[in-house]
Amino acid sequence: MPSPAPHDRLPLAFGGDYNPEQWPQEVWEEDVRLMREAGVTAVSLGVFSWARMEPRPGEYDWEWLDTVIDLLHASGISVNLGTPTVVPPAWFYRAHPSALPVTREGVRLAFGSRGAICHSNAEYRAATATITTALAERYGSHPAVVLWHVHNEYGAPVLACYCEVCAAAFRGWLRERYDTLDALNQAWGTAFWGQQYGDWEEITPPRATPSVCNPTQQLDYHRFADAQARANFVAERDILHRLSPGVPVTTNFMVAPSQGQTVDYWAWAKEVDLVTNDHYLMTDGRRTHVNLALAADLTRSVAGGGPWLLLEHATSGVNWQPYNPAKRPGEMARNSLGHVARGSEGAMFFQWRQSQSGAEKFHTAMLANSGTDNRGWREVTELGKRVADLADLRGTRTRGDVAMVWSWDSWWAQSLEWRPSQDLDARERLDSFYEALYDRHLTVDFLPPTGLSDLDPERYPLLVVPQLYAAPVGVGADLERYVSRGGTVLVSFFSGIVDENDTLHPGGYPGALRDVLGLTVEEFDPLLPGEVVSVRGADGALYEADLWSEVVIPGAGCETVAVFADGRTAGGPALTRYALGSGASWYLATRLTGADLAAVVDLALADAGITPVDLPRDVELVVREGESGTFRFAVNHTGGEVKVVLPDGSRAAVPAGGVEVFRDPR
């Protein structure tokens with residue numbers, strides 16, 4: 001039976017991961033009482049509980065889980081019930097040590113953490129099917145269960161295994177992908193360094209090698225490892241669909257590129273009934289609220305623009321970064337409502353009650369170890385009321401202003417060894433271009449490079465390609481069609497270079513994008529660490545560039561907008577514009593950052609006819625709209641009150657560090 005539209009059954013969610021197995025039963029009733037006080041509507045349950053559910057092989061203990069679920073249901077709290085397959089019990093590994101993953105260097109990892117899984121292991125797959133079936137048979141029709149949560153954060157902390165079982169599975173995956181060894185040898189370019197294969201059994205995973213391992217072999221192994229884990233998710237999902245019909249099935253993504261690189265979420269989104277995401281602020285010196293907005297926009301885009309759910313974030317500091325500062329007063333609500341503004345159907349946390357032992361005991365929670373007499377609890381209860389007040393926005397969609405291309409597959413390929421500069425970083429370019437658009441108060445919808453064939457210039461007047469090293473063969477034609485119909489595209493350097501096999505597109509750089517940009521790159525000339533060059537605009541303004549320069553040869557009709565003012569490529573184009581049909585293509589041949597990059601983005605925005613919203617820096621204005629109305633989220637990350645202009649021309653105040661939601665009159 002197909003699952004319903006997720007928002008048909010789910011409340012606007014407020015709550016968190018609940019781990020009652022860490023506590024004696026007398027605590028459970030207190031938990032539920034405090035959940036009601038905080039306005040909790042949903043909890044994630046059972047995610048790490050396999051050893052408690054099945055303490056010995058085939059022997060199940062459901063009494064504790066029955067009690068907890070019934071307590072929650074009696075209090076009107078819905079359950080997102082987890083299959084605990086991220087943490088097989090010690091008895092399982094004792095019986096099946098080969099289920100532990102092996103590193104590229106041949107070291108088998110040990111039990112004692114989480115996610116220690118070989119996703120090709122038959123015993124693991126059988127055991128997960130058994131526990132998932134048992135769970136679904138017992139709770140599949142329980143009225144409290146409104147969502148199933150398979151596994152936990154696939155890819156963290158490890159996704160790929162390099163054991164002999166995986167080697168055999170990899171060969172099977174390659175046979176399906178290439179059919180013949182001739183096709184594989186061609187795709188992998190094995191003629192280089194004499195790597196040709198004459199028998200499928202000669203192929204192994206890309207284990208540690210004396211020098212750089214074949215790049216396409218490595219890229220395919222990324223894809224294989226991702227596909228193996230996804231197949232395990234699908235197997236559990238199908239059991240749940242069969243035994244718990246009508247209840248949506250998900251697994252928690254970690255879509256933000258700041259939090260992982262191992263999973264292709266464009267592919268995974270096709271397999272879940274509801275996209276859910278975990279997001280944590282990264283204390284890496286960047287503006288954390290910009291990263292949050294990017295993560296939420298990217299998650300919404302992975303969800304096809306439809307409803308999604310923030311399944312985990314933190315009330316304050318976490319425990320697993322080198323430095324874990326506390327959130328400032330009001331920041332938790334600002335973070336939570338920022339996700340809701342950008343499409344989430346609620347705000348969930350890890351976790352409900354702070355642990356007293358284990359690896360994450362210093363990770364903050366909705367209910368701190370110190371109890372309820374603290375700022376954190378007061379902010380949690382206040383946020384619960386605010387989320388409840390927004391119940392009528394369920395099912396509305398966030399309005400995007402511009403589009404951006406992002407590809408996990410290309411990121412994998414670009415991150416391999418021996419590129420023209422080891423400092424090339426697709427994530428850095430993504431962050432930088434996103435930040436420039438964020439600072440113009442524009443909401444971004446992301447697209448995969450395979451999703452551009454019907455791109456409508458009226459819907460997205462501007463498309464930004466921050467770095468697309470691996471470009472599918474057809475992407476150039478798709479962009480030509482978009483631009484010729486009136487779209488504006490802004491492309492950054494080192495894009496369009498190779499195809500999906502990490503093979504150079506024929507002809508000059510930038511390969512697949514050469515025609516749509518109207519130019520050829522004759523030669524790359526990366527800059528050394530600490531080396532900078534100046535870029536001079538048509539108005540004489542100078543900008544500072546680093547990391548990259550190249551020799552650009554404009555074709556007929558391609559206009560040079562800015563040149564390299566010094567350095568080895570002095571006098572050559574650094575920024576070009578190519579008119580094509582009724583649109584235009586812009587190309588930036590170096591790395592600009594901050595205000596210098598923003599100036600280039602402004603040129604493209606003006607060309608696209610987009611006028612950014614006039615707001616102070618670090619103030620967001622994001623719109624959700626649908627049958628229930630239009631909701632305007634004003635999120636103020638500054639230390640002072642700001643005024644925002646509403647559609648009727650009135651000016652509304654947003655307090656320092658605050659969030660206001662304005663409903664358009666109906």
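A quick word on ground rules. What we have is a predicted model, where local features need a pLDDT of at least 70, side-chain atom pairs count only at pLDDT 80 or more, and totals for chains, interfaces and linings use all residues. Residues are numbered from 1 along each chain as its sequence is written, and side-chain values use heavy atoms, with hydrogens and water left out.

So how confident is the predictor? pLDDT is its confidence in each residue, on a scale from 0 to 100. The protein averages 96, and 98% of the residues score at least 70. Please be careful with residues 1-7, though: the pLDDT there is below 50. Beyond near neighbours in sequence, that stretch has 19 contacts in the model, where contact means heavy atoms within 4.5 Å.

Now, the sheet. Helices (H or I, at least four residues) and strands (E, at least two) are DSSP runs, numbered from the N terminus. Two strands pair if DSSP finds at least two bridges between them. In general, strands of a sheet pair through backbone hydrogen bonds, either parallel or antiparallel.

Here, 9 strands form an open sheet with mixed pairing, and the order is β12-β11-β13-β14-β21-β20-β19-β16-β17. At the edges sit β12 (444-447) and β17 (542-546), each pairing on one side only. From one strand to the next, the twist averages 25 degrees; angles run from 0 to 180 degrees between N-to-C directions, and axes are lines fitted to C-alpha atoms, for helices over the stretch in contact.

For a parallel example, look at β11 (residues 402-405), which is joined to β12 by 4 bridges; V405 has L447 as its bridge partner.

Two helices pack on this sheet. α15 (residues 475-484) touches β13 (462-465), β14 (488-492), β20 and β21 (583-588), and its direction makes about 125 degrees with that of β21. α17 (residues 594-607) touches several strands, including β11, β17 and β19, and makes about 170 degrees with β21.

The cut-offs for their angles are: under 35 degrees roughly parallel, over 145 roughly antiparallel, 65 to 115 roughly perpendicular, and the rest oblique.

How do α6 (residues 164-178) and α7 (residues 181-188) meet? Their axes come within 9 Å and cross at roughly 95 degrees, so α6 is roughly perpendicular to α7. F170, L174 and Y178 of α6 meet A183, L184, A187 and W188 of α7. By class, that contact has 7 nonpolar, no polar and no charged residues. For the classes, Ala, Val, Leu, Ile, Met, Phe, Trp, Tyr, Cys and Pro count as nonpolar, Asp, Glu, Lys and Arg as charged, and the others, Gly among them, as polar.

Finally, α12 (residues 375-389). Its axis and that of α11 (residues 331-341) come within 10 Å and cross at roughly 30 degrees, which makes α11 roughly parallel to α12. M332, A333, S336 and L337 of α11 make the contact with E379, V380, L383 and R386 of α12.

On α1 (residues 25-38), the axis comes within 8 Å of that of α12 and crosses at roughly 60 degrees, so the two are oblique. There, L34, E37 and A38 of α1 meet W377, V380, T381 and G384 of α12. Thanks, everyone!

How values were computed:
pLDDT is the predictor's confidence in each residue, from 0 to 100.
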